[in-house]
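Hi there,

Here is the structure I promised to send over. Have a look at it first, and my notes follow below.

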Amino acid sequence: MRLPPAILGNTEEVLREVLRFTSPADVTLSRYFKEHPRFGGRERGVIAEAVYAVLRNKSFFTDFAGAGNTPSMRKLALLGLAETVGIDALGGLSEDEVHFLTRVKEVDRKLLPAQMRANMPGWLYEKLVAQFGEAEALELAAVLNTPAPLDLRVNSIKANRDDVIAELAKAPIAAEPMPYAPLGLRVLKKPALQNLPLFKEGAIEVQDEGSQVLSQIVGARRGEMVVDFCAGAGGKTLALGALMRNTGRLYAFDVSDKRLSKLKPRLARSGLSNVHPVLIAHERDAKIKRLAGKIDRVLVDAPCSGLGTLRRNPDVKWRQKPDAIAEMQEKQASILDGAARLVKNGGRLVYATCSLLNEENDVIVEQFLSTHPDFELVPMNRVLDEQKIPLEMDAYLKMLPHKHQTDGFFAAVLERKAKAKPASTNEAGSDAAGESAGDTDE
Ligand SMILES: C[S@@+](CC[C@H](N)C(=O)[O-])C[C@H]1O[C@@H](n2cnc3c(N)ncnc32)[C@H](O)[C@@H]1O
């Protein structure tokens with residue numbers, strides 16, 4: 001079916017805003033759709049997908065859409081739309097435009113220069129080549145430039161995987177169990193889920209398989225004291241709370257009130273009552289000190305470049321800058337150091353990011369271990385064995401889009417040596433088990 005010709009003008013208009021990179025692409029798109037309420041679901045989908053196609057293929061498209069830094073926005077919009085709906089679905093094109101799109105379509109992309117094929121800024125491409133070698137960097141880039149599938153996590157407090165598959169089939173929505181996440185399902189198309197009873201009643205949550213595996217390797221158990229130090233809107237918090245079978249105490253810390261407030265409706269749906277959201281000012285907040293040396297498992301899902309999530313957020317590669325990554329490293333080291341104080345003797349600290357870059361991952365962990373002799377690395381193959389996850393890893397968890405069909409995730413498990421004296425017994429203060437930390441901001 002042909003699209004109304006006006007779609008092209010609207011795509012061009014919102015693309016101009018998105019490519020200023022003043023805010024994330026999804027934020028710009030939702031603001032645009034709010035300002036243009038006449039669009040139906042299908043039109044919104046077409047415009048958004050065209051914008052994402054331009055972000056994914058920006059180097060290649062820009063080269064064809066005009067000289068240097070001033071590509072024709074109309075040509076970019078045309079390329080984005082042709083990439084997602086095909087040339088034949090576009091109405092009202094001039095002969096020249098059809099000719100232009102046909103010419104671009106006929107380009108054999110395998111013959112393009114490597115960085116243009118990778119469709120990423122030079123600094124990022126160079127880092128990936130240095131880490132993976134050129135052939136693998138190109139393979140990785142190709143997968144990062146495709147849309148992510150839709151993954152679900154079954155909330156084991158409310159349902160089991162087989163029942164959810166059967167219930168989804170009635171919708172009808174086809175879903176398959178995923179290989180690594182024991183509660184994971186991959187949905188074969190991308191239906192809207194918000195109105196399904198399964199979703200409203202909290203039996204399912206949308207969560208990438210890599211993120212589910214990461215929650216699992218924290219190894220949180222019934223009755224434990226657990227802290228999700230950078231909980232955000234709680235994707236991993238909810239998974240941890242369910243793994244703890246809704247027992248024990250799970251603190252969800254974050255410095256962002258806005259993000260924590262998004263956790264609250266999800267918590268209500270989930271049926272979990274063991275989660276205690278706590279707004280902290282920074283990683284050395286007094287509320288944290290009260291829990292020092294008392295926590296069994298601490299997850300630090302650190303703020304990072306987000307480069308592992310390019311399948312979902314293709315604008316990140318154009319918005320991110322090498323200087324920002326250096327700043328991020330300082331923050332990551334400082335958060336990990338702050339969070340480490342919480343871990344009790346024999347307890348575990350899990351450092352995780354959704355970055356692909358060694359400098360935000362291995363380097364941070366190695367620095368930490370060199371300055372914290374009371375912690376040792378638990379090799380990831382051992383952790384994966386403990387959790388019965390069929391993945392081959394060495395020291396660290398490295399989920400990679402081109403190998404595991406997940407977002408890019410990194411994790412390291414660090415254990416506080418059982419005999420070591422807690423670093424900061426004095427900081428624990430008199431507040432037994434820090435109960436008040438959870439109560440302060442709830
Ligand atoms: C990668 S996101 C967390 C995503 C979340 N764990 C999830 O699964 O949905 C990183 C989070 O760290 C938070 N953050 C940044 N600085 C922090 C700090 N100093 N202490 C705790 N959290 C912090 C950010 O607000 C952000 O929500």
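The protein chain is assigned three domains: domain 1 (6-107), domain 2 (150-206) and domain 3 (209-440). These bounds come from an automatic or database domain assignment. Taken over C-alpha atoms, the centres of domain 1 and domain 2 are 32 Å apart.

Two notes on conventions before the details. This is a predicted model, in which local features need pLDDT of at least 70 and side-chain atom pairs count only at pLDDT 80 or more, while totals for chains, interfaces and linings use all residues. Residues are numbered from 1 along each chain as its sequence is written.

On to the annotated positions. An unreviewed UniProt entry places the feature "active site" at Cys354; UniProt positions are in the numbering used here, feature names are shortened, and annotations may be inferred rather than shown by experiment. Cys354 sits in the loop between strand S9 (343-353) and helix H18 (362-371). Helices (H or I, at least four residues) and strands (E, at least two) are DSSP runs, numbered from the N terminus. Cys354 is buried because 27 other C-beta atoms lie within 10 Å (buried is 20 or more other C-beta atoms within 10 Å of a residue's own, exposed 12 or fewer, partly exposed in between, with C-beta atoms placed from the backbone). Leaving aside neighbours within four places in sequence, the contacts of Cys354 include Cys304, Asp407 and Phe409 (a contact means C-beta atoms, placed from the backbone, within 7 Å).

For "binding site", UniProt (unreviewed entry) lists Asp254 and Asp301. They span 48 residues in sequence, but no two of their C-alpha atoms are more than 10.4 Å apart, so they gather at one spot. Asp254 belongs to strand S6 (residues 249-254) and is buried, with 24 other C-beta atoms within 10 Å. Asp301 belongs to strand S8 (residues 295-301) and also counts as buried, with 26 C-beta neighbours inside 10 Å. Beyond four places in sequence, Asp301 is in contact with Cys230, Lys236 and Ala352, and Cys230 is also among the contacts of Asp254.

Finally, a helix pair. The axes of helix H8 (residues 122-132) and helix H9 (residues 134-144) come within 7 Å and cross at roughly 125°. Axes are lines fitted to C-alpha atoms, for helices over the stretch in contact, and angles run from 0 to 180 degrees between N-to-C directions. Among the residues making the contact are Leu128 and Phe132 of H8 and Ala137 and Leu140 of H9.

Best wishes

Note on methods:
Two residues are in contact if their C-beta atoms, placed from the backbone, lie within 7 Å.
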